[in-house]
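My notes are below, in the order I looked things up.

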Amino acid sequence: MSRQTQAIIHADAVLQNFRTLSSMAKHSQSMAVIKADAYGHGAINVARILQHVSPRFAVAIIEEAVALREAGITVPIVVLEGAHQAKECAMAAQYDCILVMHSYEQLQWMQKCEVSKRPHIWLKVDSGMHRLGFSTDDIEEVVAQNQSLLTNETTLVTHFASADDPDNDFTATQIAAFETKVASLSLPVSLANSPASVNWPQSQAQWNRLGLGVYGGQVSTQSITSSAVQLFPAMTLRSSVIALRDIAEGEGVGYGQTWRAQKPSKIATVGIGYADGYPRHCPNGTPVMIRGQRASLVGRVSMDMITIDVTHINNVTTGDTVELWGENISISEVASCAGTIDYELMTRVSSRVPRIVRYA
């Protein structure tokens, strides 16, 4: 590769993060969520890294599960959105997937599916997020009317709206609403995601679903809480300097000339842009790392390039590596600059950026 724009996937960080979060729930089982191409890290990459430590994987849609099976991944897979069409019920059984049922229509599809071709199912309960799931008032009736679909794998699952905020009592409200209605059903349950595993340990149950934390994302709005668990960035997004120029005081840089030099400055052009997934809305001052020092984005992010001010850094030359986020620049800091969240930055890294898996 001539262009040195790469996403380095740190396999040891993925393993360590999963083990750390799993160890916080000693009486539960935890599965890695690898939907959306493992939050941009490469689903097949991450599945191969974790297949001997994660007893289940979770994806969003059946196509993601099929891709994993075709890559040789054999671990059981939970499909969180369940079937989008009736034919996916039989597909799920064919590919050893567990479908999460969240609607009466999906249950009707399952009832019409040949018994020999029915997959295992989970049942989604809406405890307050109001996106998917059966209401807490209806779940007992749903279970009673669909006994023929239940197996030893059937689990009741819910999802939290604000688990990353330990000061938001709505998570406690959701836990109480869920537990009150499912207590009599004697089925396994799954509540906790990564933020809940850290901030709401009372939500740890038979199955925990670990997503963002596996990739080293910020799982708590409070640093004092997140400091209780040490997670490591699983991706370092990096590129290289492809050009350098000296500009005079008052000269502008980039489209719209939105940044002008306040003094004679040295500007480095870096081979990454919004077509690679670097956020177009990052403002002047967004940090990068070059030659062991922080430098600042200047001028607008363009499709294939950004420009950074390296006036204060000695000996910068073409070919120097620039870290956009990862081991030295927190993805959370860049996300904050861009007015978004870790999840979006991870998942928007485009397919033209090679994922390079590395072990320490």
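The entries go from the whole chain to single residues.

**Ground rules.** I am working from a predicted model, where local features need pLDDT of at least 70, side-chain atom pairs count only at pLDDT 80 or more, and totals for chains, interfaces and linings use all residues. Residues are numbered from 1 along each chain as its sequence is written, and side-chain values use heavy atoms, with hydrogens and water left out.

**Whole chain.** I began with the secondary structure, which comes to 12 helices and 19 strands. Helices (H or I, at least four residues) and strands (E, at least two) are DSSP runs, numbered from the N terminus. The C-alpha trace spans about 75 × 45 × 40 Å along its principal axes. Of the 360 residues in the chain, 53% are buried. For the record, buried means under 20% relative accessible area, exposed over 50%, and partly exposed in between (1.4 Å probe, protein chains only). I also looked up contacts, meaning heavy atoms within 4.5 Å. Among those between residues at least 6 apart in sequence, 64% join residues at least 24 apart.

**H1 against H3.** How do the axes of helix H1 and helix H3 cross? H1 (residues 11–23) and H3 (residues 43–50) have axes that come within 10 Å and cross at roughly 60°. The axes are lines fitted to C-alpha atoms, for helices over the stretch in contact, with angles running from 0 to 180 degrees between N-to-C directions. That makes H1 and H3 oblique to each other; angles under 35 degrees count as roughly parallel, over 145 as roughly antiparallel, 65 to 115 as roughly perpendicular and the rest as oblique. H1 passes H3 in a right-handed crossing, where right-handed has the near helix turned clockwise from the far one by less than a right angle, and left-handed anticlockwise. On the H1 side I noted Ala11, Val14, Leu15 and Phe18, and on the H3 side Val46, Ile49 and Leu50. By class that contact has seven nonpolar, no polar and no charged residues. The classes: Ala, Val, Leu, Ile, Met, Phe, Trp, Tyr, Cys and Pro are nonpolar, Asp, Glu, Lys and Arg are charged, and the others, Gly among them, are polar.

**Val357.** Some of those helix residues came up again here. Val357 is in strand E19 (residues 355–358) and touches Ile9, Ala11, Asn45 and Ile49, not counting residues up to four places away in sequence. Val357 and Ile9 are 348 residues apart in sequence, yet 4.6 Å apart in space, C-alpha to C-alpha. At 32% relative accessibility, Val357 is partly exposed.

**Ala172, for contrast.** Ala172, in helix H8 (residues 170–182), is 68 residues from Ser240 in sequence and 47 Å from Ser240 in space, C-alpha to C-alpha.

**Thr269.** Ser240 turned up again, as one of the residues that Thr269 touches; the others are Val241, Ile242, Ala243, Arg245, Met305, Ile306 and Thr307, leaving out residues up to four places away in sequence. Thr269 is in strand E14 (residues 265–270) and is buried at 10% relative accessible area.

**H4.** Which residues of helix H4 are buried? In H4 (residues 62–70) they are Ile62, Glu64, Ala65, Val66, Leu68 and Arg69. They pack against helix H2 (35–39), H3, strand E3 (57–59), strand E4 (77–79), helix H5 (87–94) and strand E5 (97–101). Just after H4, Gly72 takes a positive phi of about 95°.

**Aromatics.** I found four aromatic pairs. Rings of Phe, Tyr and Trp (its six-membered ring) pair if their centres lie within 6.5 Å; planes under 30 degrees apart are stacked, over 60 edge-to-face and the rest tilted. Tyr104 and Phe134 are edge-to-face, at 5.1 Å centre to centre and 75° between the planes. Tyr104 is in helix H6 (residues 104–112) and Phe134 in strand E7 (residues 134–135), so this pair ties together parts 30 residues apart in sequence. Tyr104 is partly exposed at 44%, whereas Phe134 is buried at 3%. Ring pairs also link Tyr39, Tyr215 and Tyr343 into a cluster.

Most residues other than glycine have a negative phi. Gln257 has a positive phi of about 50° and sits in the loop between strand E12 (252–253) and strand E13 (259–260). Arg291 also has a positive phi of about 50°, in the loop between strand E15 (287–290) and strand E16 (293–297). Gln257 is partly exposed at 34%, and Arg291 is partly exposed at 43%.
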